[in-house]
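Here is a short tour of some ring contacts and a surface patch. Please keep the model open as you read along.

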Amino acid sequence: MKLKVSFFFILMVGALIFSHSYLSLSALLAATLHELGHLIAAKMCSVPMSELKLGIFGASLKASGSIYSYPKEIFLAAAGPFVNLLTFFIFLNQSESANEFLRFFLISSLFLGILNLLPIEDLDGGRILKCALLCKFSPRTAEAVCKSISFLVVFSLWVLSVYLLLRLSASLSLFVFSLALFSKIFLKRNL
C-alpha cells in the first residue's frame, strides 16, 4: 500500500508534538483507531487497499483493483465510525475515574464517530448515503440527492456555528470546519 502524506498533515502532527499537548494526541489516537476500523473492514471483505493518504482533513483510503458491491462499501464506510462509537461505549463506565487523557480520548472518539456519520460528501456518512441511494436510483439522481443533502447539512453546521459565535462567543472551530468543508466539497468542483 502506497502512503501519501501532505505537508499540512506533517505540520499539524509537528505542532501537536511540540506543543506537548497530550490532549491533542488523544484525538490523534481516536482518528488512528477510526482508520484502523476501515482497514480491518477492508481486510474482512478482501478489498485490497492501494493508498493511504494523510491530509489536513484526516486520512483517506483508496481501494485498488475491482469495483465491489454497494453493501461492502457501506460496511467499509461504517466501520470507522463504528470503532469510534464502540470505543466510547466500552470505556464509558471508566470515565469518572479516568485521567484527563482518557476522558478527552472518549470525547474525541464520540465526536469523530458522530461527525463522520453525517450525510456529507467525502465523509463516511456521505458514502453510506450515496451507496444506499445507488441501490435504488440512477447515479445521476443519487449524486444530486447527495449533493443537496450535503449542502443542507454543511449549511446547517455553519448557521449553528455563527449562532454560537454571536450568542456565546464560542465555536470558532465549528465555524472554520464548516467553511473548510463547504470549500472542499462545493468550490473545488466549480473552479
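One aromatic cluster brings together Phe 151, Phe 155, Trp 158, Phe 175 and Phe 182. The model is predicted, so to speak of local features requires pLDDT of at least 70, side-chain atom pairs count only at pLDDT 80 or more, and totals for chains, interfaces and linings use all residues. Residues are numbered from 1 along each chain as its sequence is written, and side-chain values use heavy atoms, leaving out hydrogens and water.

Rings of Phe, Tyr and Trp (its six-membered ring) pair if their centres lie within 6.5 Å; planes under 30 degrees apart are stacked, over 60 edge-to-face, and the rest tilted. By this rule there are 5 aromatic pairs. One of them, Phe 151 with Phe 155, is stacked, at 5.9 Å centre to centre and 10° between the planes. Why are Phe 151 and Phe 155 separated by about one helical turn? Because they sit 4 residues apart in helix 6 (residues 139–168).

Now to the surface, where Leu 36, Ile 40, Met 44 and Phe 75 form a nonpolar patch with about 400 Å² of accessible area together (Shrake-Rupley method, 1.4 Å probe). Such patches take residues with over 30% relative accessible area and no salt bridge, with nonpolar side chains joined within 5 Å. Helix 2 (residues 22–44) gives the largest share, 3 residues, while Phe 75 lies in helix 3 (residues 70–91).

The table lists partly exposed residues, between buried (under 20% relative accessible area) and exposed (over 50%).

| Residue | Relative accessible area |
|---|---|
| Phe 151 | 36% |
| Phe 155 | 42% |
| Phe 75 | 36% |

Definitions and conventions
Helix = DSSP H or I, 4+ residues; strand = E, 2+ residues; numbered from the N terminus. Buried < 20%, exposed > 50% of the residue type's maximum accessible area, 1.4 Å probe, protein only. Patch = residues over 30% accessible without salt bridge, like charges linked within 9 Å, V, L, I, M, F, W, Y side chains within 5 Å. Salt bridge = Lys/Arg side-chain N within 4 Å of Asp/Glu carboxyl O.
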